[in-house]
Amino acid sequence: MKDISLGLMNGKRGMIFGVANDRSLAWHIAERLHAEGAELAFTHLPPPKMERRVRLLAEPLGATCIVPCDVTDDTQIRRAFQEANRQIGPLDFIVHAIAYANRAALHNPFHTTSRADFAQAMDISVYSLVALCQHGLRYMNEGGSVLTLTYLGAVKMLPNYNVMGVCKAALESAVRYLAAELGRDKNIRVNALSAGPVQTLSAAGVEDFDRILRHYPQKAPLHRNIRPDEIGTSGLYLLSDLSSGVTGEIHYVDCGYSTVGW
Ligand code: NAP
């Protein structure tokens with residue numbers, strides 16, 4: 001699939017938040033969008049080390065707009081959009097692939113989560129989507145698309161997901177409220193892709209993640225884990241006109257795991 005291009009994103013421009021390395025889900029989406037003709041801007045956390053990591057990946061895709069953005073800081077978000085607008089022009093899509101909870105909050109029993117850890121996880125993993133829509137809206141074209149990434153832990157209790165499950169539940173709710181408002185105001189769609197487990201930096205923070213990876217193929221109707229390129233193709237669907245009638249949706253890409261009840 002990687003080598004086939006239908007030019008579905010020719011003339012479209014977008015901004016990708018959440019590439020840490022070539023395993024990041026955002027990276028697989030970016031590669032697919034690029035292959036389909038999209039022009040991309042990327043963000044990275046401010047430290048130079050993070051910039052170098054993202055630059056090494058993004059520049060070969062022809063990306064020239066690579067800007068710092070810690071999503072806990074509204075000024076940085078505003079500047080990132082201004083800079084993208086200056087360098088590549090109005091955006092047709094935004095990819096939000098950002099989540100964070102500190103190690104203690106992920107590992108300790110959920111009821112022991114501290115107020116500060118809870119607030120930080122919600123701020124980075126949920127409010128950031130609201131903030132990106134808030135600041136990005138004026139730089140987006142009518143008919144655009146916003147995509148975030150979620151996980152089954154939003155709707156079911158899953159071992160070791162703890163505070164992040166609660167964050168994902170709030171994120172999925174935010175998708176519905178944002179979809180209603182952005183659809184009404186600017187015909188912009190907002191959707192979430194609920195991915196099956198993929199080994200990434202963030203996933204490494206979830207205790208026993210290897211066990212989850214071994215468990216899915218036993219139960220999922222397709223009897224395997226998802227391939228990262230399937231995140232890319234489904235991301236392309238949700239960000240392109242192929243899904244022009246779809247908004248406020250949580251789209252599962254998990255080899256069917258979420259559909260079985262045993
Ligand atoms: P990842 O490669 O580690 O991506 C997470 C990204 O969030 C990183 O680029 C990280 O930047 C960024 N980030 C964290 N705090 C930030 C902040 N304050 N400001 C800006 N960026 C920040 O892991 P991933 O698995 O691809 O995660 C992407 C999304 O997919 C997350 O929402 C995750 O919950 C979701 N998801 C993942 C899976 C899975 O199995 N991997 C399944 C379902 C959903 P740095 O690395 O530079 O800190």
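**A parallel sheet and its pockets**

Let's start in the sheet: strand S5 is joined to strand S6 (residues 189–195) by 6 bridges, and the two run parallel. Two strands count as paired if DSSP finds at least two bridges between them, and the strands (E, at least two residues) and helices (H or I, at least four) are DSSP runs numbered from the N terminus. Along this pairing, Ser-145 sits opposite Arg-189 in S6.

A word on provenance: this is a predicted model, where local features need pLDDT of at least 70 and side-chain atom pairs count only at pLDDT 80 or more, while totals for chains, interfaces and linings use all residues. Residues are numbered from 1 along each chain as its sequence is written, and side-chain values use heavy atoms, with hydrogens and water left out.

Zooming out, 7 strands make up an open sheet with parallel pairing, in the order S3-S2-S1-S4-S5-S6-S7. Strand S3 (66–68) and strand S7 (250–253) are at the edges with a single partner strand each, so one side of each has no neighbour in the sheet. From one strand to the next, the twist averages 20° (axes are lines fitted to C-alpha atoms, for helices over the stretch in contact, and angles run from 0 to 180 degrees between N-to-C directions).

Now look at S4. Its pairing with S1 is parallel over 4 bridges, with Ile-94 in S4 as the bridge partner of Met-15. S4 also pairs with S5, again in the parallel sense, over 5 bridges; here Leu-91 stands opposite Met-140 in S5. In S4, 6 of the 6 residues are buried, so the strand is largely enclosed by the rest of the structure (buried means under 20% relative accessible area with a 1.4 Å probe, protein chains only).

Helices come next. Helix H3 (residues 74–88) lies across S1, S2, S3 and S4, at about 150° to S1, and H2 lies across S2 and S3, at about 165° to S2.

What volume does the largest pocket have? It comes to about 1300 Å³. A pocket here is an open set of points on a 1 Å grid over the protein atoms alone, where a 1.4 Å probe fits, with protein on both sides within 12 Å along at least five of seven lines; lining residues have an atom within 4 Å of a point. The largest pocket has 46 lining residues, with Ala-97, Ile-98, Ala-99, Tyr-100 and Ser-202 nearest its centre. Elements supplying at least two lining residues each include helix H6 (162–186) and strand S5 (140–150).

Conventions: Points joined across faces, edges and corners; volume = space filled by probe spheres on them. Contact = heavy atoms within 4.5 Å. Buried < 20%, exposed > 50% of the residue type's maximum accessible area, 1.4 Å probe, protein only.
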